[in-house]
Amino acid sequence: MNFRTILVHLDRSDRSPARAALAAQWARSHESHLVGLVPTGLYDGVIPIDAIATGMTDYIADAASHLRLRAEAISREFREDIHASGQLSYEVRLVDGTTVDAVVRHGRASDLVVLGQDDESDAKDTTVHGLVQQVLMEAGRPLLIVPCAGNFSAPAKNAVVTWDGSREAAIAIHAALPALRRASRVTLVSYRHPDEEDDEHRLLMPEMIQFLLRHGIQARAEREVTEIDIADALLSRISDLGADLLVMGGYGHSRFRERVLGGVTRQILAQMTVPVLMAH
């Protein structure tokens, strides 16, 4: 298996060019076709009050035209950056509709969806917050989430993989196999609190190491007991190892018809320091 099609969400946020650049590097590394998805924001954007000249008689039409022109500018910048960085199979898709629906629908026709970490400080008028959570739970595809700060390159060389024996973790590891094959160091980590049972039969760490080895991935296993939050322990270990990729399952549940992320998933998405390949 490989990432034959990689989709990256493009918008007006300050980190969109960096996100697109990393997606392009992943696409070149994996010989993938890259799709730059540009939702126009027609149905979920707030038009700045000074974007449309006063006295316009058809505000809705002029607002739609403004959003279309802005989406075309984002697309043009994406194309220019791709051409400047080298040959790559790619396309740009401008789509109306809500951003969440667009990313979910087009993401399902992809192998990997590249999104940016939520950044409350980057409040552009068409920035959609909570996008990662909604796409994670609905698209049925792995996500590569790019932090809102830092410079990253591909392929990832030093990957940390979380393992707790769960369905979500198994799906994430399987989805990440193409990336893990290109890494020179892979560390499979498992954490538990002192009051939790050491369930060796559920984890099957030796079997997971052999599973990865059969896919051409040499990994080392770490099983740790920690008294701090699991997410904090994981982030600390990523720093200690100098990792440049985290692979983990994305956990959530439905509450009153609303998708809610689990505590570790939510904390990692809020405090991530390296790109996270996550699947639900």
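The residues lining the largest pocket divide into 10 nonpolar, six polar and nine charged. This is a predicted model, in which local features need pLDDT of at least 70 and side-chain atom pairs count only at pLDDT 80 or more, while totals for chains, interfaces and linings use all residues. Residues are numbered from 1 along each chain as its sequence is written, and side-chain values use heavy atoms, with hydrogens and water left out.

User: How many helices and strands does the chain have?
Analyst: Helices (H or I, at least four residues) and strands (E, at least two) are DSSP runs, numbered from the N terminus. By that rule, the chain has nine helices and 12 strands.

User: Which element gives the most residues to the lining of the largest pocket?
Analyst: A pocket is an open set of points on a 1 Å grid where a 1.4 Å probe fits, with protein on both sides within 12 Å along at least five of seven lines, and lining residues have an atom within 4 Å of a point. About 490 Å³ of space lies in this pocket, and W163, D164, S190, Y191 and I230 are the closest to its centre among the 25 lining residues. Elements that each supply at least two residues include α6 (200-203), β8 (219-225) and α8 (230-241). With four residues, the one that gives the most is β7.

User: What percentage of the 280 residues in the chain is buried?
Analyst: Buried means under 20% relative accessible area, exposed over 50%, and partly exposed in between (1.4 Å probe, protein chains only). For the chain of 280 residues, the buried share is 49%.

User: Why is α3 largely enclosed by the rest of the structure?
Analyst: The buried residues of α3 are T99, V100, A102, V103, V104, H106 and G107. Their cover includes β1 (5-9), β2 (33-39), β3 (90-95), β4 (112-116) and α4. Helix α3 is largely enclosed because, of its nine residues, the number buried is seven.

User: At roughly what angle do the axes of α3 and α4 cross?
Analyst: Residues T99, V100, V103 and V104 of α3 meet L131, Q134, V135 and E138 of α4, where contact means heavy atoms within 4.5 Å. By class, five of the residues in this contact are nonpolar, two are polar and one is charged. The crossing is right-handed. The axes of α3 (residues 99-107) and α4 (residues 131-138) come within 10 Å and cross at roughly 40 degrees.

User: Is H106 buried or exposed?
Analyst: You can find H106 in helix α3. Not counting residues up to four places away in sequence, H106 touches L7, L37, R93 and V95. Because its relative accessibility is 16%, H106 counts as buried.

User: What distance separates the C-alpha atoms of R108 and E138?
Analyst: R108 sits in the loop between α3 and β4 and is partly exposed, with a relative accessible area of 43%. Its contacts, not counting residues up to four places away in sequence, are E138, A139 and R141. Although R108 and E138 are 30 residues apart along the chain, their C-alpha atoms are separated by 9.2 Å.

User: Which residues is S75 in contact with, leaving aside its neighbours within four places in sequence?
Analyst: Helix α2 (residues 59-85) is where S75 is found. S75 is buried, with a relative accessible area of 2%. Leaving aside neighbours within four places in sequence, S75 is in contact with V38, V92 and L94.

Key
Axes fitted to C-alpha atoms, helices over the stretch in contact; angles between N-to-C directions. Left-handed = near helix turned anticlockwise from the far one by under 90°. Nonpolar A, V, L, I, M, F, W, Y, C, P; charged D, E, K, R; others polar. Points joined across faces, edges and corners; volume = space filled by probe spheres on them.
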